[in-house]
Amino acid sequence: MMTSTLDTARLVEGLREQTGGFIRAVAGRSPEARVPTCPEWPLRTLVGHVGQEHRWAAELVRRGEQLPVPDPRQADPGVPDEWARWLREGAEELIRAIQEVGSDTEMHTLFGPRPAAFWLRRMLSDTCVHHYDAAFATDTAFEIADDLAADVISEKLNLLSTPAFETARPTVAGLRGRGERIGFRPRSVEGWVITRTPDTLNWERGPVEADTVVSGAVADLMLVLSHRVPPQDDRVTVTGDRALLDHWLAHTSL
C-alpha cells in the first residue's frame, strides 16, 4: 500500500483549508437546502456529518480502537449561526488527537494496523469531497489545491486495493479482472494507472498507458473518481474502452 506523499503538517493544513472552504460554502444557507450529490440529505445533515466524523475520528485516535460508525442523521450541528464554530472545533479536535498520540503511533483499524495519521488522511479526503457537495448545493466556488486533490485519489485507491476493504464493501470484488488497465491523466501532476488482476487490484503512479484513459484537471479527476462528476462531463475527456470505466465506477461507490 502506498502511503501519502503529504506529510502530517500538510495534512493538518489541508484539513483546515478544506474545513474552511466547507464553512464558506454553507454560510448563510438554509438548513433544509437539498444536497444533490448526497441524495436525500438536507444541508443540515451534511454539516452534521462533517463535524460528527471529525469528532468520531478523534475519539478513534485517542482510544486506538474501532468505534461504531455514527449516523449522520443524529448529528446536531446547532443553529446555522453556530455551524462555523462547531465545524472548526471538530477539525481541531481531530488535529489535537493526532498530535497527542503521535502521527506514527500504530493502531487497529478495520483495514489492519495503521498509523494514527491514517485517520487524519481519511477525514481530509472525505472533507474535500463533502466540500464539493456543499459548494455544488449552494452554487459556491469549489477550490482545492492540486496536491490535496491528488492525495484524495491515491487515498481512495489505497482503500479499494486493501484486501480487508472487500469485506466491508463486497462489490469491490467485481473489480478483479484479467489485466485490464484504467488510467487517470491529470495535467499538473503524475497520473495513476490501475490494473485489474484475477486476485486483486493494483495501482501505481507514473506515465499513463491504459485501455481506458480519463484526462483532465486533477480536481476534476478526483470528482469523477468520487462519483461527483460524470465521465461524460465536458471537464474531462475519456478515450479507449468506455465500458471498462463504467464498470469501474459501478463498483467503486464508497
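Author: With a pair of helices: Arg10, Leu11, Gly14, Glu17 and Gln18 in α1 meet Asp147, Leu148 and Asp151 in α5, where meeting means contact, that is, heavy atoms within 4.5 Å. By class, this contact of α1 with α5 has two nonpolar, two polar and four charged residues, on a scheme in which Ala, Val, Leu, Ile, Met, Phe, Trp, Tyr, Cys and Pro count as nonpolar, Asp, Glu, Lys and Arg as charged, and the others, Gly among them, as polar. The model is predicted, and local features need pLDDT of at least 70, side-chain atom pairs count only at pLDDT 80 or more, and totals for chains, interfaces and linings use all residues. Residues are numbered from 1 along each chain as its sequence is written, and side-chain values use heavy atoms, with hydrogens and water left out.

Reader: At what angle do α1 and α5 pack, and how far apart are their axes?

Author: Helices α1 and α5 (residues 146–160) pack at about 100 degrees with their axes 11 Å apart; the axes are lines fitted to C-alpha atoms, for helices over the stretch in contact, and angles run from 0 to 180 degrees between N-to-C directions.

Reader: And why is α1 then called roughly perpendicular to α5?

Author: Angles of 65 to 115 degrees count as roughly perpendicular, under 35 as roughly parallel, over 145 as roughly antiparallel and the rest as oblique, and the value of about 100 degrees therefore makes α1 roughly perpendicular to α5.

Reader: Which angle and which axis distance describe the packing of α1 and α4?

Author: Helix α1 (residues 8–26) and helix α4 (residues 117–138) pack at about 25 degrees, and their axes are 9 Å apart. On the angle classes already given, α1 is therefore roughly parallel to α4.

Reader: In which hand does α1 pass α4?

Author: The crossing is left-handed, a term for the case in which the near helix is turned anticlockwise from the far one by less than a right angle, with right-handed used if it is clockwise. Among the residues of α1 that take part are Leu11, Leu15, Phe22 and Val26, and those of α4 include Leu120, Arg121, Leu124 and His131. The residues of this contact divide into 13 nonpolar, nine polar and one charged.

Reader: How do you know that the radius of gyration of the protein chain agrees with a compact globule?

Author: The radius is taken over C-alpha atoms, and the globule rule is 2.2 Å times the number of residues to the power 0.38. For 254 residues that gives a value near 18 Å, and since the protein chain has 18 Å, the two agree. Along the principal axes, the C-alpha atoms fill a box of roughly 50 × 40 × 30 Å. The secondary structure comes to eight helices and seven strands, which are DSSP runs numbered from the N terminus (helices H or I with at least four residues, strands E with at least two).

Reader: What makes Thr212 a buried residue?

Author: Buried means under 20% relative accessible area, exposed over 50% and partly exposed in between (1.4 Å probe, protein chains only); Thr212 has 0% and is therefore buried. This residue is found in strand β6 (residues 212–216), and its contacts, leaving aside neighbours within four places in sequence, include Arg181, Ile182, Val238 and Leu245.
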